[in-house]
Amino acid sequence: METPTFVAMDARWRAILRGESPAAPAARLARRLFAALPGRSRCYFCHVPFDGGLGHALRVLGYGQSRKNPHLCARCLEAAPEGGAVIPVSVLFADVRGYTSMTERATSLEVTALLQRFYAAASGALLRHEAVLGQIAGDEVMAIFVPGLAGAGYRTSAVAAGRSLLQAMGYTATGKNWLDVGVGVSSGEEYVGNVGGGGFKDFTAIGDVTNTAARLQAHASGNMLIDAPTYDAVADLFPGAERCELQLKGKELPVVAFRIQVSEGRSSGPTVPDRATHVGRGEDRPTSTGMTHEKESNSVDSRATPKS
Ligand SMILES: [Zn+2]
């Protein structure tokens with residue numbers, strides 16, 4: 001009895017994460033039914049509409065937009081049972097520098113207000129680039145980029161998201177940052193899904209990719225450190241990135257990484273992901289979150305200033 005359930009779940013997770021069509025007939029049927037309902041924006045996976053009269057009714061049943069990614073419903077993400085799949089993924093960590101000394105200098109109310117502002121600005125920047133928000137804890141945010149949502153260019157999306165995040169912190173060619181933040185991005189294959197136990201579960205990614213991203217972030221300040229597999233996808237966009245070899249905690253051998261400054265990047269690069277290759281994605285683009293999906297939001301270098 002437990003085996004078929006497990007298999008069905010893994011198929012469901014693979015469908016979401018890799019962008020493959022779901023194998024389970026029940027899910028396919030629900031999807032077809034939801035797709036027939038009117039709605040301008042809907043869940044990429046189950047096609048439940050988010051707007052319109054029925055959308056509001058369905059929200060009561062738990063089909064509202066996920067807070068981890070507004071393109072999925074909470075039923076497909078947060079409320080989905082435990083499970084996941086090993087898939088290609090990019091993981092991003094952004095961390096506030098000098099958080100400990102900040103907590104000593106400022107009142108807890110001031111620190112809380114600053115962190116709230118950090119979470120809001122960071123998640124806004126990340127969600128614009130098809131991130132699924134992972135843990136948000138203390139002074140750091142984590143984001144996961146999977147092919148099922150970000151397309152084949154998920155690594156490029158992760159770098160673009162890191163850059164948007166730094167820009168949102170005020171790291172621009174002309175501006176002054178209001179918070180010291182470092183970003184780390186790593187790519188590879190690892191386990192992604194709803195992980196937990198004892199009544200608690202969370203959507204996250206577990207493995208070496210996550211560890212590497214977290215370690216890289218610790219070496220970045222006001223810029224972004226990305227590992228070699230990530231850089232492979234964006235080398236054309238950032239030909240001037242500084243190559244470095246870092247001794248990361250928990251790693252025996254030095255890790256090759258590339259440091260990207262916000263002001264860096266070519267003003268005309270190759271087009272990023274072919275989004276038309278997505279399987280199981282509705283044509284409707286979510287609009288109710290105020291997110292924009294014009295081509296340029298997907299391009300790492302849309303706001304690049306020419307390198308001097
Ligand atoms: Zn859904």
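**Core, sheet and helix packing in the predicted model**

The largest nonpolar core comprises 76 residues, and L92, A143, I144, V146 and L165 have the most contacts inside it. Helix α7 (residues 154-168) supplies the largest share of this core, with 8 residues. At least three residues of the core are drawn from each of domain 1 (11-81) and domain 2 (84-260). In soluble globular proteins, nonpolar side chains tend to be buried together. The surroundings of V146 illustrate the arrangement: leaving aside residues up to four places away in sequence, V146 touches L17, I87, V89, V132, Y154 and V192. The structure described here is a predicted model.

The chain contains 9 helices and 8 strands. Of its 308 residues, 44% count as buried. Among contacts in the chain with a separation of 6 or more, 67% are accounted for by residues 24 or more positions apart.

Strand β4 (residues 181-197) takes part in several strand pairings. With strand β1 (residues 83-96), β4 runs antiparallel, and 14 bridges join the two. Within this pairing, L92 has V185 of β4 as its bridge partner; L92 is also among the residues with the most contacts inside the largest nonpolar core. Strand β5 (residues 200-206) is likewise antiparallel to β4, to which it is joined by 7 bridges. V195 stands opposite D202 of β5. The hairpin formed by β4 and β5 has 2 residues between the strands, and G198 in this hairpin adopts a positive phi near 65 degrees. By contrast, the pairing of β4 with strand β6 (residues 224-227) is in the parallel sense and extends over 3 bridges. Here G184 is placed opposite L225 of β6. In a regular strand the side chains alternate between the two faces of the sheet.

Helix α8 (residues 208-217) is mostly covered, with 8 of its 10 residues buried. The buried positions are V209, T210, T212, A213, A214, R215, L216 and Q217. These buried residues of α8 pack against β1, β4, β5, β6 and β8 (255-260).

Two packed helices are described by the angle between their axes and the distance between the axes. For α5 and α7, the axes come within 8 Å and cross at roughly 150 degrees. This crossing of α5 and α7 is right-handed. The contacting residues are A121, A122, G124, A125 and L126 on the α5 side, which meet A161, S164, L165 and A168 of α7. L165 is also one of the residues with the most contacts inside the largest nonpolar core.

Most residues other than glycine have a negative phi, and most peptide bonds are trans. Two loop residues have positive values. H47, a residue other than glycine, has a phi near 70 degrees and is located in the loop between α2 (25-36) and α3 (52-63). H47 counts as buried because 21 C-beta neighbours lie inside 10 Å, the cut-off being 20 or more. E130, in the loop between α5 (108-127) and β2 (132-137), has a positive phi near 65 degrees. With 28 C-beta neighbours inside 10 Å, E130 therefore also counts as buried.

Key
Residues are numbered from 1 along each chain as its sequence is written. This is a predicted model: local features need pLDDT of at least 70, side-chain atom pairs count only at pLDDT 80 or more; totals for chains, interfaces and linings use all residues. Two strands pair if DSSP finds at least two bridges between them. Helices (H or I, at least four residues) and strands (E, at least two) are DSSP runs, numbered from the N terminus. A residue is buried if 20 or more other C-beta atoms lie within 10 Å of its own, exposed if 12 or fewer, and partly exposed in between; C-beta atoms are placed from the backbone. Two residues are in contact if their C-beta atoms, placed from the backbone, lie within 7 Å. A nonpolar core is a set of buried Ala, Val, Leu, Ile, Met, Phe, Trp, Tyr and Cys residues joined through C-beta atoms within 7 Å. Domain bounds come from an automatic or database domain assignment. Axes are lines fitted to C-alpha atoms, for helices over the stretch in contact, and angles run from 0 to 180 degrees between N-to-C directions. A crossing is left-handed if the near helix is turned anticlockwise from the far one by less than a right angle, and right-handed if clockwise.
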